[in-house]
Amino acid sequence: MRVAERISVIGTGYVGLVSGTCFAEMGHRVVCVDQDARKIDGLLRGEMPIYEPGLQALVAANLEAGRLDFTCDVGKAIQQSDIIMVAVGTPAQPDGDVDMSQVKSVLHAIAAYALSSKIIVMKSTVPVGTGGWAENLLRNRAMPHLAFHVVSNPEFLREGSAIQDTFHPDRIVIGSEHREAGERIAAMHAPLGAEVLHTDRESAELIKYASNAFLAAKISFINEMAHVCEKVGANVTLVAKGMGMDRRIGPHFLNAGIGYGGSCFPKDTQAQLKLAQNVDYDFKMLRAVIEVNQLQRQRFVVKIEEAAGPLDGKRIAVLGLAFKPNTDDLRDAPSLDIIPALQERGAVVSAYDPAALTQAAARLPGVSLCTDPYATVYEADAVVILTEWSEFRQMNWRLARCLVNTPLLIDGRNMFEPEAMRELGFTYVSVGRQT
Ligand code: UGA
């Protein structure tokens, strides 16, 4: 039997809640801490603060088995664990630098409450150098006889498939300046049977930013390619397929559309750009990746206008609001830029999303939110797809065709075969493919 560690996870957001629950499932004893008492009470009753397929059942099973607990008592959690995972938010500040205030307050709590030596695992996405800075802070503030080893162990899970990603990771990256601490964290992941890469701490911290920046670059590249395809009469889906068959390129993250959103890529690409600037390096390619992504949203609004004609008074039905399917997350979703731009041009917008309607009510004023896709498209002058939920693939489009005013479908996610939609009687406009 492998060693069951006593772990506390501080910060019960996406990363903290999912990884804490998965470590419990692997047999460790985990307590997840958050200062939000309502969230903790809800979790103890089995209510999830986020939408993530499979999470609720996994939390319930591990609570029941006594391996998982939730608390607001950070001091007790710190004292009762040997490994402390930091999974608090690291949002961007207005100047692009990373706001480290939440990480700092966790470190202050560790220094104040720790009565024994600890391994601190940095799960939050933090700037390079954070590990060293954190160790110094702990050394200066905590009881002098205690040892603190800060290990960088970046998280690569995706929203919507977070549990699958955690149990089947491509790699575990462990950046440590202390060999035993690094090995103990590797052993903690042993049940996963995943490949482990041991690095110095700075490299591990950078791997997270570099990976997200590279994935964002793939998306911006294919989106630029899509514009070229439209101009020369090519099909971006086929171009991406042909490119992806080269193993050096790979088939993933080459779906053209309205660009990336969410809580990670936009924030992390900006942070990486700022990090480079702070060391006097102009990361030109990353700057272009970010710019292309912003332009992609504006260009899509122009595409809608070109297809539908002047938008003043037009009824536009939007299908999908979340930044991607299988999540209710609206953070930096393309819909938050595209819909207000349509409204500014006088369009009357109705919208539907299978999971994000509650969040959308506060973020998208003036939009008539519907509880099913058919009510949304009723008497629409154009239907616009912003998120590729499988529910839209399975929709009865023949019925939708009868409900709309004008059979114009503008698909920002290339969900359908153009031929199939044309056969149903739609004028079908997509990204990087011929209309
Ligand atoms: C991303 C990374 O994929 C994770 O590895 C990482 O751990 C996470 O950020 C993080 O830093 O925490 P996530 O933001 O959940 O995960 O979502 P993705 O599935 O990567 O999608 C991001 C955005 O890219 C979405 O808006 C999606 O629609 C867009 N996208 C993705 C495309 O436009 N085209 C593609 O081919 C792929």
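1. Where is the place of Leu254? Leu254 sits in the loop between α10 (236-244) and α11. Please keep in mind from the start that this is a predicted model.

2. Let's stay with Leu254 for a moment. Leu254 has 20 C-beta neighbours inside 10 Å, and 20 or more is what being buried takes, so Leu254 counts as buried. Setting aside residues up to four places away in sequence, Leu254 touches Lys218, Ile222, Ala240, Met243 and Gly244.

3. Ala256 is also worth a look, and this residue lies in the loop between α10 and α11. Because Ala256 has 26 C-beta neighbours inside 10 Å, Ala256 counts as buried. If you leave out neighbours within four places in sequence, the contacts of Ala256 include Ile222, Asn223, Met225, Ala226, Val236 and Ala240. Asn414, Val431 and Gly432 are in contact with Ala256 as well.

4. Now to Cys264, which carries the annotation "active site" in an unreviewed UniProt entry. In the model, Cys264 is found in the loop between α10 and α11. Cys264 counts as buried because 24 C-beta neighbours lie inside 10 Å.

5. UniProt (unreviewed entry) also gives a "binding site" list, with Phe156, Leu157, Arg158, Glu159, Lys208 and Phe253 among its members.

6. What surrounds the ligand? The shell has 21 residues, and the closest are Glu159, Asn255, Tyr260, Gly262 and Cys264. Sorted by class, the shell around the ligand holds 10 nonpolar, 6 polar and 5 charged residues.

7. The largest share comes from α9, with 3 residues.

8. Domain 1 (6-198) and domain 2 (200-435) both give residues to the shell around the ligand, so the ligand lies between them.

9. How far apart are the C-alpha centres of domain 1 and domain 2? The separation of these centres is 32 Å. The contact takes 25 residues from domain 1 and 25 residues from domain 2. On the side of domain 1 that touches domain 2, the elements giving two or more residues are α6 (130-141) and β7 (172-175). By class, that side of domain 1 has 12 nonpolar, 10 polar and 3 charged residues.

10. Taken along the principal axes, the C-alpha atoms fill a box of roughly 75 × 50 × 40 Å.

11. One last point, on packing. Of the 435 residues of the chain, 46% count as buried. Among the contacts with a separation of 6 or more, 71% are between residues 24 or more positions apart.

Note on methods:
Residues numbered from 1 in each chain as written. Predicted model: local features only at pLDDT ≥ 70, side-chain atom pairs only at ≥ 80, totals over all residues. Near = placed C-beta within 6 Å. Helix = DSSP H or I, 4+ residues; strand = E, 2+ residues; numbered from the N terminus. Nonpolar A, V, L, I, M, F, W, Y, C, P; charged D, E, K, R; others polar. Domains from an automatic or database assignment. UniProt positions renumbered as here; feature names shortened; annotations may be inferred. Buried ≥ 20, exposed ≤ 12 C-beta atoms within 10 Å, placed from the backbone. Contact = placed C-beta atoms within 7 Å.
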